[in-house]
Amino acid sequence: MPAGHTIRRIADRHTDLFEGQALRVSSPQGRFAAGASRLDGRVLQQVEARGKHLLYHFEGRRTLHVHLGLVGRFQTHRLPAPAPSPATRLVLRTDDAAAYLTGPMKCDLIDRTMVERIVGHLGPDPLKVSRRPKAFDDALAGDHRPIGTVLLDQGVVAGIGNVYRSEVLFLEGIDPHTPASDLTADQVSAIWSTAREELRRGVEDGAIITVGPREVGAATRRELPAELRRYAYKRSGMPCHRCHTQIRSTEMAGRQIWWCPECQS
DNA sequence: GGGTGATGCTGAG
DNA sequence: TCAGCCTCACCCC
C-alpha cells in the first residue's frame, strides 16, 4: 500500500473533508486513547504528506503523526459510515465524514521539536519539490552504495518504496547494482524526474502503473491487467516487456529487487 | 477456508 | 536481530 503516492492521496482526501473543522477524535482500540482525548474537539489546521509520513497539525501546536508501515490502512467514508471495527486505532469524525485508521506502525501525538526531527531525517520528496534539489545530487555523488539500496533510503529521497525503486531504475535503464556515486549527472537528473513523474501518476491513478499501455497493446493504463502494469517488480523469470529477456531478482537493502539484465546494463 | 508474504519501519532485547 | 503491527492479496487445498 503505502509509498508516497498513497500517502499524498490520503492527505488530499483528508484536507478536503477535515481541514478547518473541529474534529471528534477517538480510539476504539484504546491504544491511542490518551492522545485522542487531547485532540478531541480541536480544529485541524493542516494535513501534510511528507514522504511516507502523515502530519495532522491541530490548533494548540499539537500534531498527530501517522505512519502506516506495511499493514496500516486508512478508510475514509462520507456519513453514514459503517461502525469502526474494535481494532480501529484512530477515528477522525465530523458531521459529514469519518476516517478509520487500523494497523499503523505509528500513531502518536508529537510536539514541534519532534515534527522537526522527523522532517529533518527525510530527504527531499519528489511529490513536494518540483525542481531537483542540490541535496539529492550531493547525496548520490557521495554515496558508494548501490543505487538500488540508496533509493529506499528515506533520508536520501522520501516517498519511494520497493515498487518504485525497481520501476524507476528499469525506466532509466540503470542496473540497480551501480554505485550511486558512479552515476552520470544525466542519470541522476533522470532518476529524479522519472520518480517524480511516476509518483504523480500514482497519485492520479491510485495505483502504480508504470508500463506505457501502447507498448503492450492496450489503449489506456487503466485497461492493463495486473500482470502487465509493471516492467520489473515481482516479474522474476518472466519476459521483459521490451526485450523478452528474463527478469531477474536479488535481495538488496534487505528486500527483493527486480531488473532486466539486458535493458539495465 | 487456511497459510503466507508484503508498496515499512520501530523498538525491545 | 527480529517480533510487532493485525490487513490484504494471492496461492494451495
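Trainee: Is the crossing of helix 6 past helix 7 left-handed or right-handed?
Mentor: Helices are DSSP runs (H or I, at least four residues; strands are E, at least two), numbered from the N terminus. A crossing is left-handed if the near helix is turned anticlockwise from the far one by less than a right angle, and right-handed if clockwise. Helix 6 passes helix 7 in a crossing that is right-handed.

Trainee: What kind of model is this?
Mentor: Residues are numbered from 1 along each chain as its sequence is written, while chains are lettered from A and ligands numbered from 1 in the order written. Side-chain values use heavy atoms, without hydrogens and water; local features need pLDDT of at least 70, side-chain atom pairs count only at pLDDT 80 or more, totals for chains, interfaces and linings use all residues, and the model itself is predicted.

Trainee: How does helix 6 lie to helix 7?
Mentor: Axes are lines fitted to C-alpha atoms, for helices over the stretch in contact, and angles run from 0 to 180 degrees between N-to-C directions. Helix 6 (residues 162-171) and helix 7 (residues 185-205) have axes that come within 10 Å and cross at roughly 125°. That angle makes helix 6, relative to helix 7, oblique. Under 35 degrees is roughly parallel, over 145 roughly antiparallel, 65 to 115 roughly perpendicular, and the rest oblique.

Trainee: Which residues of helix 4 meet helix 7?
Mentor: Contact means heavy atoms within 4.5 Å. On the helix 7 side are Val188, Ile191 and Trp192. Their partners in helix 4 are Phe136, Asp137 and Leu140.

Trainee: How many charged residues are in the contact of helix 1 with helix 7?
Mentor: Gly4, His5, Arg8, Arg9 and Asp12 in helix 1 meet Leu199, Gly202, Val203, Glu204 and Asp205 in helix 7. Sort them by class: 2 are nonpolar, 3 polar, and the charged ones number 5. Ala, Val, Leu, Ile, Met, Phe, Trp, Tyr, Cys and Pro count as nonpolar, the others, Gly among them, as polar, and the charged types are Asp, Glu, Lys and Arg.

Trainee: How much of what DNA strand C brings within 4 Å of the protein is sugar and phosphate?
Mentor: A residue is near a strand if one of its heavy atoms lies within 4 Å of it. Around DNA strand C are Gln29, Arg31, Val71, Arg73, Ala87, Arg89, Thr102 and Gly103. Of the atoms of DNA strand C within 4 Å of the protein, sugar and phosphate make up 83%.

Trainee: How far is a polar side-chain atom of Arg89 from a phosphate oxygen of DNA strand C?
Mentor: For Gln29, a side-chain N or O atom is 3.2 Å from a phosphate oxygen of DNA strand C. For Arg89, the distance from a polar side-chain atom to a phosphate oxygen is 3.3 Å.

Key: A polar contact is a pair of N or O atoms within 3.5 Å; within protein, one must be able to donate a hydrogen and the other to accept it, and residues adjacent in sequence count only if both atoms are side-chain atoms.
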